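The following report describes selected features of a two-chain structure for computational work. The sequence and coordinates are displayed first, and the description follows.

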Amino acid sequence: MSEIPEDLLYTEEHEYLMPTEQANVYQVGITDYAQGELGDIVYVELPNPGDKFGRMEVFGTVEAVKAVSDLYSPVAGTVVEVNEAVQEDPSLVNSDPYGEGWLIKIRIANPSSLDELLDAKEYAAQIGE
Amino acid sequence: MADELKRTPLFEEHKRLGAKIIPFAGYEMPVHYPAGIIAEHNAVRQKAGLFDVSHMGELEIRGGDALGLVQYVTTNDASRLEVGQAQYSVICQEDGTALDDCIVYRFDDHYMVVVNAANVDRDRDWIRKFADRFGTQVLDRSEQTALLALQGPAAARILQPLTDVDLDAVKYYHFASGRVDGRPAVVSRTGYTGEDGFELYIDAADAVPLWRRLLDAGAAEGILPVGLGARDTLRLEVGYILYGNDLDDRHTPLEAGLGWVTKLDKGEFIGRAALEQRKAAGLTEKLAGFVLRERGFPRPGYDIRWNGELSGQVTSGILSPTLNQGIGLAYLPTEAAKPGTMIEVVIRDRAIPAEVVRPPFYKDGSIHR
């Protein structure tokens, strides 16, 4: 069983969206399930602050030893911060996907677009847990 | 669906240890255990790792002119082998292209040819076609044989207390028959990691108890069970080729850099005339090693550009866990395959500069030659 925090929103592509202290700014990462499926993550390619993405547009990639996986933006918005620590040490995504292994912070363009995401229960059902 | 996937005698052990299982060469094999590929890789470089490679095929060549048959179907010179010695070799077709790579073992009364899992049936049937003219038998021992690879600088320390074979007397690419934990085993000082270590050919029925015994015995040394993921990163760091990626039936051993096991003057063998011709005409392409000059992960199939032109594809590539650098192999035009040449590897539309180098990429392994 992987960890699926109750208070987050999820995509079908295994990204999560977590509220931050700033209104309309959300932390984005990949789920515990996704990091477990990928195995050891050795390289993370992330965008630059200021880059804009549409909903489910590819914003970067994570590379595990055996596979490369695109990262999809859960919502349309503007990148406000990128986790530089995770680019130095990609294994943070494995060890702490919801904490130190976060990927980007994004300012959401349209708050109502959150409705299109999965809640914890729906995500758990999707991955069969 | 293709044929049902096969399992080695250790399949249930892998599941019990929490391995992630993938299909590979017709088998359900562990790609990694809970420790993960990087930890498993590092365990082999620094301590020890235990691999289940029972999917490999063992062909026994026995009776009549067994040496004659081995010489005829492989490229290396098996007449140089002493009893208890092994050699790396290639099985070629008439046109010189490679059917497989293999290791040839000389026993006192027979030879054993160890081949890749995906090719066992093809290799066996191929060698059998020529068996009659040498009055020999080709016996497929793959199903009844399990193969454990104990690899890493601590391998001998772990194995010696369990075996009556004097490991100091077994040099690199030599082997001895004896017992491990009381069970019959061929103890071979070979491997696919660039580290010191042993491959143990054992009865399939002994695989589970020996696997457990070796993991227990190595626990104090920090041994880990190691899956196919780390097997691939370990072998590529030392530049060992993988049949199906870096050598195939479209390339000859000469292009693959295996001229050192292609003995054109040893006498007649399948593919010799074609290889001689190719050598005389000059090779148009060669398998080359490359190192990325920027961070990136070169994967098999990625395009390679040289002087701005598409010049080949990556055949094997990883982000090296030991060197923390993208490394790989690719067939390149002979002129581009020279060490020092600058090329580009196209990683998702970005051209990453790379330098051609002569493998091994990692040179500090624990093998005692």
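## Strands of chain A

Leu17(A) stands opposite Val28(A) in β3(A). This is a predicted model, in which local features need pLDDT of at least 70 and side-chain atom pairs count only at pLDDT 80 or more, while totals for chains, interfaces and linings use all residues. Residues are numbered from 1 along each chain as its sequence is written, chains are lettered from A and ligands numbered from 1 in the order in which they are written, and side-chain values use heavy atoms, with hydrogens and water left out.

Helices (H or I, at least four residues) and strands (E, at least two) are DSSP runs, numbered from the N terminus. Two strands pair if DSSP finds at least two bridges between them. Strand β3(A) has two antiparallel partners described here: β2 (residues 15-19) of chain A, over five bridges, and β9 (residues 104-108) of chain A, over four bridges. On the β9(A) side, Val28(A) stands opposite Ile104(A). The hairpin of β2(A) and β3(A) has five residues between the strands, and Asn24(A) there takes a positive phi near 65 degrees.

Six of the six residues of β3(A) are buried (under 20% relative accessible area; exposed is over 50%, partly exposed in between; 1.4 Å probe, protein chains only). Val25(A), Gln27(A) and Gly29(A) point one way, and Tyr26(A), Val28(A) and Ile30(A) the other.

Ser73(A) is found in the loop between β7 (68-72) and β8 (77-82) of chain A. Tyr33(B) occupies the loop between β2 (27-32) and α2 (37-46) of chain B.

| Residue | Relative accessible area |
|---|---|
| Ser73(A) | 0% |
| Tyr33(B) | 2% |

Because its relative accessibility is 2%, Tyr33(B) counts as buried. The side chain of Ser73(A) reaches the backbone oxygen of Val75(A) at 2.6 Å. Contact means heavy atoms within 4.5 Å. Beyond four places in sequence, the residues touched by Ser73(A) include Phe53(A), Arg55(A), Phe59(A) and Ile106(A). With the same exclusion, Tyr33(B) is in contact with residues including His14(B), Glu40(B), Trp211(B) and Pro225(B).

A nonpolar core is a set of buried Ala, Val, Leu, Ile, Met, Phe, Trp, Tyr and Cys residues joined through side-chain atoms within 4.5 Å. The largest such core has 49 residues, of which Tyr105(B), Leu247(B) and Leu258(B) touch the most other members. Strand β5 (residues 85-92) of chain B supplies the largest share of this core, four residues. A second, separate core of 28 residues includes Ala155(B), Val170(B), Ala185(B) and Ala207(B).

Six strands form a closed barrel with antiparallel pairing, in the order β14-β17-β16-β15-β18-β19 (chain B). The twist averages 40 degrees from one strand to the next (axes are lines fitted to C-alpha atoms, for helices over the stretch in contact, and angles run from 0 to 180 degrees between N-to-C directions). Strands β18 (residues 342-347) and β19 (residues 350-357) of chain B pair over six bridges, and Val345(B) has Ile352(B) as its bridge partner in β19(B). Helix α7 (residues 228-237) of chain B packs on the sheet, touching β16 (309-320) and β17 (325-333) of chain B, and its direction makes about 115 degrees with that of β16(B).

Chain B is divided into domain 1 (2-56 + 144-237), domain 2 (57-140) and domain 3 (284-368), with bounds from an automatic or database domain assignment. The C-alpha centres of domain 2 and domain 3 of chain B lie 32 Å apart.

Methods
Polar contact = N/O pair within 3.5 Å; in protein donor to acceptor, adjacent residues only side chain to side chain.
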